[in-house]
Amino acid sequence: MKELEISNKRWIRRINHPALFLTYDDGPNPAVTSRLLDILRAVRGAATFFVTGESLDQIEAPSILRRMLAEGHTIGNHGQLHLKNAYPDFEVSQRRIEAACGVHTRIFRAPHGLKTHVADYLRRDRSVLGLHWTRHFEDWLPVDLAKVAKQISEVVEPGSIVLLHDGSPSSEQYRDRSQVLAITEMIATECQCRSIPLAGLASVYPALHRIRSESERVREDKRANRGSSVANSIATTISVFKQWCGSH
Ligand SMILES: [Zn+2]
């Protein structure tokens, strides 16, 4: 398959910045996320939570998202459904996040980090920014914490985006995230020792993470609809042309 070309300005893997960026995917997870927020509050650190639209079905989700915002964290969009083989409906989860806590986020991460999902969303909406990661600990599998402890000093460096998971409501095996709490404490301690701040992505991209007024919302949604109808009409024209070519 031809390699997709995505500008590294629209799909970020590292940031030229003095802070470390902790990111947590697939939540919120009521059993874990609040404990994580407690750890981050104790060290005065901020992080980014890439939440899925489906996880917002949980009754506790809106209050967890509001707490995240109140404590200076960033909320990113991880798609409505955590799918590999279909478009994750980023627009749906974006609207659901805004309905739950008021923030309009244009910072997203593709489920499974899939480049095709990144390209699909960037084609539909040129105002969004995809965030990949610099480092991870394979925390979707059981983690050897002794091994992680040896890696921490190397992983902690300014500008790194660290991928972790605070949950997945749709899969039982991801519910025990106690190892993620331990890894977070290790990273936070190392950052404190080396005076490296923990920051959320909204501190770097404030224009992409905003509470919108009603008039801004109406104006921007109208503009986005115009943009998507132009994109749809181009896609239709190309598909008609391909059919025409195929029939000759
Ligand atoms: Zn995920």
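Reader: What covers the buried residues of H3?

Author: The cover includes E3, helix H2 (61-70), strand E4 (74-77), strand E5 (103-105), strand E6 (107-108) and helix H4 (115-124). Helices (H or I, at least four residues) and strands (E, at least two) are DSSP runs, numbered from the N terminus. This is a predicted model, in which local features need pLDDT of at least 70, side-chain atom pairs count only at pLDDT 80 or more, and totals for chains, interfaces and linings use all residues. Residues are numbered from 1 along each chain as its sequence is written.

Reader: Which residues of H3 are buried?

Author: They are Phe90, Ser93, Gln94, Arg96, Ile97 and Cys101. These residues lie on the same side of H3, because they cover an arc of only 165° around the axis. The arc is that of the directions from the helix axis to the C-beta atoms. A residue is buried if 20 or more other C-beta atoms lie within 10 Å of its own, exposed if 12 or fewer, and partly exposed in between, with C-beta atoms placed from the backbone.

Reader: What follows H3?

Author: Glycine 102 does, and its phi is positive, near 95°.

Reader: Now E3. Is threonine 48 buried or exposed, and why?

Author: Threonine 48 counts as buried because it has 26 C-beta neighbours inside 10 Å. Its place is in strand E3 (residues 48-51).

Reader: Which residues is threonine 48 in contact with, leaving aside neighbours within four places in sequence?

Author: Among them are Phe21, His73 and Leu201. Two residues are in contact if their C-beta atoms, placed from the backbone, lie within 7 Å.

Reader: How many residues has the largest nonpolar core?

Author: The core has 46 residues, and those with the most contacts inside it are Leu20, Phe21, Leu22, Val162 and Leu198. Helix H6 (residues 178-193) gives the most to this core, with five residues. A nonpolar core is a set of buried Ala, Val, Leu, Ile, Met, Phe, Trp, Tyr and Cys residues joined through C-beta atoms within 7 Å.

Reader: What does leucine 22 touch?

Author: Not counting residues up to four places away in sequence, leucine 22 touches Ala47, Val162, Leu164, Thr184, Ile187 and Leu198.

Reader: And the loops: where does arginine 44 lie?

Author: Arginine 44 is in the loop between H1 and E3. Its phi is positive, about 55°, although arginine 44 is not a glycine. With 12 C-beta neighbours inside 10 Å, arginine 44 counts as exposed.

Reader: Which residues does a cis peptide bond join?

Author: Glycine 27 and proline 28 are joined by one, with omega about 0°. Proline 28 is found in the loop between strand E2 (21-25) and helix H1 (33-42).
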